[in-house]
Amino acid sequence: MIAGLWLLAFWLAAALVVAPKLQRDLEAAAHAATRDLPTGYQAPEVRVAGLEATVSGRVRQHAQRAEILATVKEKVRAEGPLGGDLNPIQKVHDALEVVPYPPGWLMIAANGTRGQLLGEAATEYEARDLGTLLGQKWSEKGGYLDNRIKPNPGLYDESLTAQTTTLARLPLPRTDVSGDSAQIQLARIGGDWQRLVLDAKDESLREKVIAMGIEPSDWEKSIQPALQNVRNYQSNQRAIAAEAERQAKLPPPHLFLAARDKRLLVRGEVATLALKRELLNALIDVFPEWRVLDDVRVNAQRRAVADFGPISEALLPSETNEDLRLAGKSLVLGLPGAAWKKVDFEVGGEAQPWKDLLPKDLPPAMLQDDSRMVVEWLQGSAKGIPKLPVRLQPSFITLTLLPDKVILAGQLAEEPARTQIIESARQKYAGRAVVMAESLLARGTCEPSGDLQQTLRSFPDLPEMGSQGVIAFSRPGQAWKSIPASEKLLEPGAVAASGLLPQEFPAAMAEDTFLDGFDHLRHHWKSLTTAPPPAPATQPPESRTGNSKPNTAN
């Protein structure tokens, strides 16, 4: 009896010593077996109590939880008191919490109906499927999305509500040409879309993006550059819309084409010099045997359109008219968006046989002088172009400055004034820049220049090497006004909006004279972006003696 009690006490004492050690060994073995299993979080914690184990912690997916529980139940082994591996755990309690990573994000950066679909998804499959589905729905409304979604499984998990929310509430492409067709839409995958207001400041937009849980690095690398690109598009569209609105308020151009004795007299008014040249070149090409007499004025206060009817031999007079007074003579009127119309020229100088042909926004008074002149020419001796009073055009000078080049343009009334301007520019920039003045013209139809001293003494300095350049404007006798050149100035109406020109000056006339200078600026800017980088500094010998293995640490 006493011996049995001593034996029982011995085994109880052994159990008190062995059991805690076995428990610790099992916990250590469980930690070793599960610490490298994927969870997305810290390794799970395993507690052993008798024949039961409790596993706690967080995992991203249900499959990860199942793998951890199976590992603890089946693969954990510890050395027993009598030798050999054993796992006395009979039951595993699951205290793991499935906490998926947040879903990725999407951004539509749209320039009208065309846009880029940017963002990051959990997997390649999710990125592909979202790009396909969103692109198809966008195209149903006449748009196109360029899918640039990238997978980033290290940060995001797939969303279960992407189709029910993000796809269902996809914003539509916009076709408004006023500038409001640009849009930036941002969403977490599975969530609703939020519009970023393009006119808002970057600081405010960045706060909104970060508040949505998007990484700051994504703002800097993806969102902010796309935002700036769409802003540029919006600015261009608004400038175009503003110019179109301004143009719509201007009267359209008109042209009279009078023909007799192998001579074509072209009289009228168009908005730009380029449109005038295009018209005259077309006439010369179609009628090479006829002498074209140019009496077309350039007036920036006319609408900048030139979609006159086709130029063909149908505009020429018939040589077999029964009325000898009309034989070999013709008069046609050209208006934008309409075919050339024949006009009766056997009328008095103040008659208006063309009045019913005019659109509502073209007052007959704007054609009266031109009509009287061509009628007198057809009824008279046809010796050259009749001299009638012509409204004087403004005299002005434009200047495009590059570090090594100066482009003068504009128009002056007197050839001596033109020569003075060119010589003064050559003296100002002698030895540092080439002065180009082919586009600075002397025209007798311009306003007189007056005293040029203020203009001659105020030429702006050359820009520094590597800078963007400078553009400048002056009226004869006034000081130069200059602003830094930039790509924004190449947009329609940008020069007028820059404040460079006087308020009442016809902006389109000045912008035409900058065209050659803008071409030189484009080449200059391209050279700045393609210039080879400076050669790296030579390292001292002692800096190359050490071992320079790359850092491979994770």
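## Ground rules

Because the model is predicted, local features need pLDDT of at least 70 and side-chain atom pairs count only at pLDDT 80 or more, while totals for chains, interfaces and linings use all residues. Residues are numbered from 1 along each chain as its sequence is written, and side-chain values use heavy atoms, with hydrogens and water left out.

## The whole protein

Let's start with the overall picture. The protein holds 13 helices and 20 strands; these are DSSP runs numbered from the N terminus, with at least four residues (H or I) for a helix and at least two (E) for a strand. Of its 554 residues, 41% are buried, where buried means under 20% relative accessible area, exposed means over 50%, and partly exposed lies in between (1.4 Å probe, protein chains only).

A contact means heavy atoms within 4.5 Å. Among contacts with a separation of 6 or more, 69% join residues 24 or more positions apart.

## A sheet with helices packed on it

Now look for an open sheet of 5 strands in the order β13-β12-β11-β14-β15, with mixed pairing. Strands β13 (291-298) and β15 (341-342) stand at the edges with a single partner strand each, so one side of each has no neighbour in the sheet. Two strands pair if DSSP finds at least two bridges between them. Strand β11 (residues 254-260) pairs with β14 (residues 329-334) in the antiparallel sense, over 6 bridges. Within this pair, Ala258 stands opposite Leu331 of β14.

Helix α7 (residues 273-286) packs on the sheet and touches β11, β12 (263-270) and β13; its direction makes about 165° with that of β13. Helix α8 (residues 365-379) also packs on the sheet, touching β11, β12, β13 and β14, and its direction makes about 5° with that of β11. These angles run from 0 to 180 degrees between N-to-C directions, using lines fitted to C-alpha atoms, for helices over the stretch in contact.

## Helix α6

Helix α6 covers residues 216-248. Its buried residues include Trp219, Ile223, Leu227 and Tyr233. What do the buried residues of α6 pack against? Their partners are β6 (105-111), β7 (114-121), β9 (182-188), β10 (194-196) and α5 (202-211).

## A proline in a loop

Finally, find Pro364 in the loop between β15 and α8. Pro364 is partly exposed, with a relative accessible area of 24%. Setting aside neighbours within four places in sequence, Pro364 is in contact with Gln352, Trp354, Lys355 and Leu358. Pro364 and Trp354 are 10 residues apart in sequence and 8.7 Å apart in space, C-alpha to C-alpha.

Technical notes. The expected span of a helix is 1.5 Å times one less than its number of residues.
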